[in-house]
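The exercises below concern strand pairing and a pocket. Please work through each task before reading its solution.

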Amino acid sequence: MELSNKFELGGVLLQPPKVTQSPAGIRHVRFMLEHRSQQFEAGLPRNAYVRIQVVISGELAQQWEPDLTVGMQLQVSGFLQRVEDRNGNPRLVLHAQQLVKI
């Protein structure tokens with residue numbers, strides 16, 4: 001049985017997207033997504049706040065790049081991947097497989 005890695009988050013695009021291209025010629029668009037909501041835990045309300053980097057690649061990146069603007073509300077579905085910065089500090093990145101403007 002394959003282990004599941006599915007993640008969905010709605011939020012606001014915070015900064016202008018950054019476009020890069022891999023050595024293999026695959027286009028990547030990266031941006032920060034900010035989520036704020038109220039969730040219930042143990043029957044009590046709790047404010048939830050998340051900021052996560054989103055990466056869209058390939059055809060999806062080409063499709064969305066011209067339309068992505070700061071302040072846009074998106075629902076992003078995909079999978080989580082651990083990456084390290086230049087100093088070796090780990091963080092989670094959401095690799096988008098589907099985006100919906102909300």
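Strands are DSSP runs of E with at least two residues, numbered from the N terminus, and two strands pair if DSSP finds at least two bridges between them. The model is predicted, so local features need pLDDT of at least 70 and side-chain atom pairs pLDDT 80 or more, while totals for chains, interfaces and linings use all residues. Residues are numbered from 1 along each chain as its sequence is written, and side-chain values use heavy atoms, without hydrogens and water.

**Exercise 1.** Determine how strand 2 pairs with strand 3.

Solution. Step one: strand 2 (residues 18–21) is antiparallel to strand 3, with 4 bridges. Step two: V19 has V29 as its bridge partner in strand 3. Step three: 5 residues lie between the two strands of this hairpin, and G25 in the turn has a positive phi of about 90°.

**Exercise 2.** Describe the pairing of strand 3 with strand 4.

Solution. Step one: 14 bridges link strand 3 to strand 4 (residues 44–57) in the antiparallel sense. Step two: Q53 in strand 4 is opposite M32. Step three: the hairpin has 2 residues between its strands, and A42 has a positive phi near 55°.

**Exercise 3.** Characterise the largest pocket.

Solution. Step one: a pocket is an open set of points on a 1 Å grid over the protein atoms alone, where a 1.4 Å probe fits, with protein on both sides within 12 Å along at least five of seven lines; lining residues have an atom within 4 Å of a point. Step two: the volume, the space filled by probe spheres set on points joined across faces, edges and corners, is about 200 Å³. Step three: the lining includes M32 and Q53, and strand 3, strand 4 and strand 6 (90–101) each supply at least two of its residues.
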